[in-house]
Amino acid sequence: MFRVLASREFQTRAPQTALTWLTSFNLSRSAHSLPFATLEVEEVSGSQPAEVYNLVQGKWTGSSKWNTLVDPLNGEPFIKIAEVDENEIQPFVESLSKCPKHGLHNPFKSPERYLLYGDISTKAAHMLSLPKVYDFFTRLIQRVAPKSYQQALGEVQVTQKFLANFSGDQVRFLARSFAVPGNHLGQQSHGFRWPYGPVAIITPFNFPLEIPVLQLMGALYMGNKPVLKVDSKVSIVMEQMMRLLHYCGLPVEDVDFINSDGKTMNKLLMEANPQMTLFTGSSRVADKLATDLKGRIKLEDAGFDWKVLGPDVQEEDYVAWVCDQDAYACSGQKCSAQSILFMHENWSSTSLLSKMKDLAERRKLGDLTVGPVLTLTTEAMLDHMNKLLQISGSRLLFGGEALKNHSIPSIYGAIKPTAIYVPLEELVKDNNYELVTREIFGPFQIVTEYKQDQLSMVLYALERMHAHLTAAVVSNDPLFLQEVIGNTVNGTTYAGLRARTTGAPQNHWFGPAGDPRGAGIGTPEAIKLVWSCHREIIYDIGPLEKHWEIPPST
Ligand SMILES: N[C@@H](CCC=O)C(=O)O
């Protein structure tokens with residue numbers, strides 16, 4: 001085992017100013033290791049498996065049961081996760097129960113913690129801007145959620161910018177309040193952003209760094225105490241990030257970090273009773289949690305994300321390239337990935353589809369521009385394709401085959417980027433609609449065409465979808481944009497010639513609309529909506545009028 005146990009202990013450091021801290025890091029960093037990390041990315045292997053720990057009540061802990069993960073590229077057992085089982089959740093329950101509903105800080109309690117979090121964010125943003133650090137996280141992401149270097153780096157950069165956005169005084173500005181004059185002297189109502197106190201965050205495998213960091217920091221900024229559970233397949237990334245955050249001054253008792261299966265996590269949630277749980281993942285689990293937690297939940301669940309190409313054909317190469325990125329980058333495993341393309345008939349006479357095919361065929365396992373699918377097997381995806389191909393008039397546009405010459409283990413999927421054409425009239429039929437709009441979390445999309453007079457049929461298809469996350473309306477025709485935007489609901493919708501469905505940076509609100517449980521991620525509005533509630537304090541201090549008398553009963 002290459003990990004040095006001593007380095008797992010949290011080391012307390014003398015308080016430093018931001019400037020001395022930054023200088024000391026730059027000078028003391030050794031040539032090939034990082035001061036917070038407990039692993040070297042390339043060394044993680046079958047012969048030197050890495051270990052992922054839990055953090056509870058300020059201490060890193062193991063568990064009685066270790067779950068072994070296999071390398072998604074070659075099947076070697078390469079990471080051991082200390083998964084907490086149902087009998088070991090007590091310390092996590094106690095830890096969360098210690099946090100009162102009014103949180104670790106609020107505008108009337110420990111306001112200096114808003115500044116502390118501004119400071120932590122400044123330092124963490126600086127760390128992630130250092131080439132050695134961003135390269136470390138980019139490569140670590142690639143080991144567990146195989147995607148191209150550029151895609152993994154994008155995730156680190158979004159996280160870095162997000163942290164920079166909440167540096168300095170920006171955390172306290174999140175808790176800005178407002179006041180309205182009252183009815184008489186001494187009365188004023190003030191609206192405050194209040195924390196929930198004990199909260200839980202559950203995040204998926206596809207963005208091992210971006211989703212957990214943005215949600216975790218949002219929760220902390222607003223004064224909550226979170227327990228964080230990241231999908232065990234990728235939790236090694238966030239385990240290392242927790243160590244970076246501690247290095248940047250995050251108090252070790254502010255966050256608990258747990259590895260477990262879903263059943264154990266469910267038990268923890270039932271016993272610890274967090275005031276709010278943020279869940280990012282499948283609609284099936286989301287609906288179960290919404291019931292179990294009696295609605296105290298916010299969700300970023302599935303997305304069968306759509307793109308509509310309008311009648312104005314222009315910049316064909318660019319549009320084809322964006323379609324390729326949206327459908328197939330990260331092997332289609334983004335909640336924002338383009339799942340269906342509605343093409344106006346004017347695009348049919350262009351070479352858009354053949355361009356999309358050429359771009360899809362450039363993708364290769366060697367640089368992870370296509371790679372393993374972590375939640376579906378090859379057979380499951382090809383099976384789905386074959387069912388679609390039974391629909392009258394449907395046809396395979398490209399892909400549709402298993403990847404060859406690889407050592408991706410069979411528990412994971414490996415197919416070529418695939419597109420299936422389904423006629424619009426067939427797609428909307430009751431017996432086909434559910435099948436066609438099933439979200440395949442892999443490099444897979446449906447393509448269809450609509451005639452000039454069929455826009456209402458497209459809008460009907462969009463209306464029937466059950467999750468409304470991202471969308472793109474590719475057109476610079478303002479009347480067309482108006483019509484499609486005005487008749488749809490997706491939370492993050494890109495409109496215009498350069499519209500896309502994926503790649504939302506920290507400055508775009510990202511989240512579903514049309515669902516009161518819908519969460520957001522990234523922006524100040526998202527943080528305030530998800531991680532705080534409104535509290536109104538009405539000051540009414542008098543004085544009473546000079547000759548006030550008790551009035552008659554009413
Ligand atoms: N920024 C990512 C989504 C992150 C999810 O919460 C995207 O746009 O695909």
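A polar contact is a pair of N or O atoms within 3.5 Å; within protein, one must be able to donate a hydrogen and the other to accept it, and residues adjacent in sequence count only if both atoms are side-chain atoms. The model examined here is predicted, with local features needing pLDDT of at least 70, side-chain atom pairs counting only at pLDDT 80 or more, and totals for chains, interfaces and linings using all residues. Residues are numbered from 1 along each chain as its sequence is written, and side-chain values use heavy atoms, leaving out hydrogens and water.

We turn to the ligand. One of its oxygen atoms lies 3.1 Å from an N or O atom in the side chain of Glu300, and for the side chain of Ser336 the corresponding distance is 2.5 Å. A polar backbone atom of Ala504 is 2.7 Å from an oxygen atom of the ligand. Taken alone, the ligand exposes 290 Å², of which the protein buries 98% (Shrake-Rupley method, 1.4 Å probe).

Aromatic rings come next. The structure holds 14 aromatic pairs (rings of Phe, Tyr and Trp, the last by its six-membered ring, with centres within 6.5 Å; planes under 30 degrees apart are stacked, over 60 edge-to-face, the rest tilted). Among them, Phe162 and Phe166 form a tilted pair, at 5.0 Å centre to centre and 55 degrees between the planes. Both Phe162 and Phe166 are buried (under 20% relative accessible area, 1.4 Å probe, protein chains only). The ring centres of Tyr318 and Trp321 are 5.9 Å apart with planes at 50 degrees, so this pair is tilted.

Conventions. Buried < 20%, exposed > 50% of the residue type's maximum accessible area, 1.4 Å probe, protein only.
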